[in-house]
Amino acid sequence: MTRPPFPRALAAGVLATGLLLTGCGAEVESAADSKSAGDTVTVSNCGKDVTYTRPERAIAYDVSGAEKMFALGLADRMRGYVMNKLGDPSIKGSPWREKYAEVDRLGSERITREIVVDAKADWVLAGWNSGFSEERGITPALLDKVGVDSYLHTETCWDYGNKSVDVSPLQALYTDLDNLGKIFGVEQRADELVGDLKGRVAALKKTWPDRADRDPAKVFVYDSGTDQPFTAGRHAAPDDIITAAGGTNVFGDLDKGWTTVGWEPVIKAKPEVIVIVDYADQPAKEKIAYLKKLPALRSVPAVKNNRFHVMSYGDVVSGPRNVAGAEDLGRYLRSVGR
């Protein structure tokens with residue numbers, strides 16, 4: 001996934017995104033330099049050129065990783081996936097729920113180096129601080145030492161390495177799909193998928209209301225949290241989801257992915273709509289009820305007008321469902337005249 005792991009997110013408030021890969025085109029090595037012709041490919045990941053042998057036993061972490069693989073038809077190239085059980089409702093609502101059933105689930109909490117080694121994986125897809133972690137001892141460098149390749153979600157590159165890669169969340173998604181297409185040799189599928197997603201975003205933008213006399217609807221993302229709400233900054237997927245839908249993220253100026261803020265900034269921002277992130281253990285209905293009971297939020301337009309829009313966790317972490325999430329939010333905004 002592309003936000004902090006569930007346990008940390010729940011403690012602080014909940015759930016991790018955007019970025020420009022310079023030179024992200026792939027370059028197939030010559031036969032003389034590879035094990036066999038076309039056997040290896042080089043792509044830029046988080047600003048560093050990385051050469052991969054075609055993976056055959058890939059592991060993906062969380063919805064972000066699994067569904068990028070599934071959308072490209074790569075389930076048969078996977079050894080398995082790891083996902084916290086709190087994300088299970090996202091599986092039930094996924095367009096690829098049958099693929100989840102076909103692929104081994106190797107863990108229901110965080111991904112670990114032990115899981116990767118025990119599964120004899122040859123490649124791992126995860127995000128920085130949302131899968132890979134210095135603290136927990138699973139990083140690209142440490143995996144490399146045990147002969148396992150890795151790829152980081154581009155939306156997390158802003159906080160990794162030299163931090164030179166910084167593009168919007170949707171561009172990060174397109175970059176990942178392009179790169180995965182090259183790594184696994186399914187470039188045409190990747191081109192078609194990215195073209196479809198871009199086309200849908202373009203079509204969605206045509207539904208925006210006339211902006212001649214009104215600014216975009218102000219939207220606040222509420223993932224969780226009581227003392228401090230956990231929300232999405234400019235690097236998290238909801239920032240682009242909201243923009244594509246025709247709104248503006250009230251915390252889109254924060255140079256963060258998923259992060260905590262205070263209630264005072266929320267009140268000051270006067271959001272017209274609140275997006276509620278729904279996942280197991282903290283149902284959307286409970287979150288909405290909590291927000292309505294907070295005395296400090298009574299003056300917030302979204303609360304006064306009962307404008308809450310529920311989105312699945314699977315729609316708001318980096319992945320091909322981001323566009324469907326934007327389309328759903330766009331329909332909601334139009335339904336309330338925004």
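This is a predicted model: local features need pLDDT of at least 70, side-chain atom pairs count only at pLDDT 80 or more; totals for chains, interfaces and linings use all residues.
**View 1. The nonpolar cores.**
The largest nonpolar core holds 61 residues. M69, W123, I183 and F184 have the most contacts inside this core. Helix 7, residues 169–184, supplies the largest share of the core, seven residues. A second core is separate and has 20 residues. Y222, V250, I276 and L294 are included in this second core. In soluble globular proteins, nonpolar side chains tend to be buried together.

**View 2. A172 in helix 7.**
A172 is part of helix 7. Its relative accessibility is 0%, so A172 counts as buried, because buried means under 20%. In sequence, A172 and A237 are 65 residues apart. In space, their C-alpha atoms are 9.2 Å apart.

**View 3. H309 in strand 15.**
Strand 15 covers residues 308–312, and H309 lies in it. The relative accessible area of H309 is 11%, so this residue is buried.

**View 4. Helix 8 meets helix 14.**
Helix 8 spans residues 187–205, and helix 14 spans residues 321–335. Their axes come within 10 Å and cross at roughly 15 degrees. The two helices are therefore roughly parallel to each other, because the cut-off for that term is under 35 degrees. Their crossing is left-handed. Helix 8 makes the contact with L197, R200, V201 and L204. Helix 14 contributes V323, A324, A326, E327 and G330. Of the residues in this contact, six are nonpolar, one is polar and two are charged.

Notes:
Residues are numbered from 1 along each chain as its sequence is written. Side-chain values use heavy atoms; hydrogens and water are left out. A nonpolar core is a set of buried Ala, Val, Leu, Ile, Met, Phe, Trp, Tyr and Cys residues joined through side-chain atoms within 4.5 Å. Buried means under 20% relative accessible area, exposed over 50%, partly exposed in between (1.4 Å probe, protein chains only). Helices (H or I, at least four residues) and strands (E, at least two) are DSSP runs, numbered from the N terminus. Axes are lines fitted to C-alpha atoms, for helices over the stretch in contact, and angles run from 0 to 180 degrees between N-to-C directions. Angles under 35 degrees count as roughly parallel, over 145 as roughly antiparallel, 65 to 115 as roughly perpendicular and the rest as oblique. A crossing is left-handed if the near helix is turned anticlockwise from the far one by less than a right angle, and right-handed if clockwise. Contact means heavy atoms within 4.5 Å. Ala, Val, Leu, Ile, Met, Phe, Trp, Tyr, Cys and Pro count as nonpolar, Asp, Glu, Lys and Arg as charged, and the others, Gly among them, as polar.
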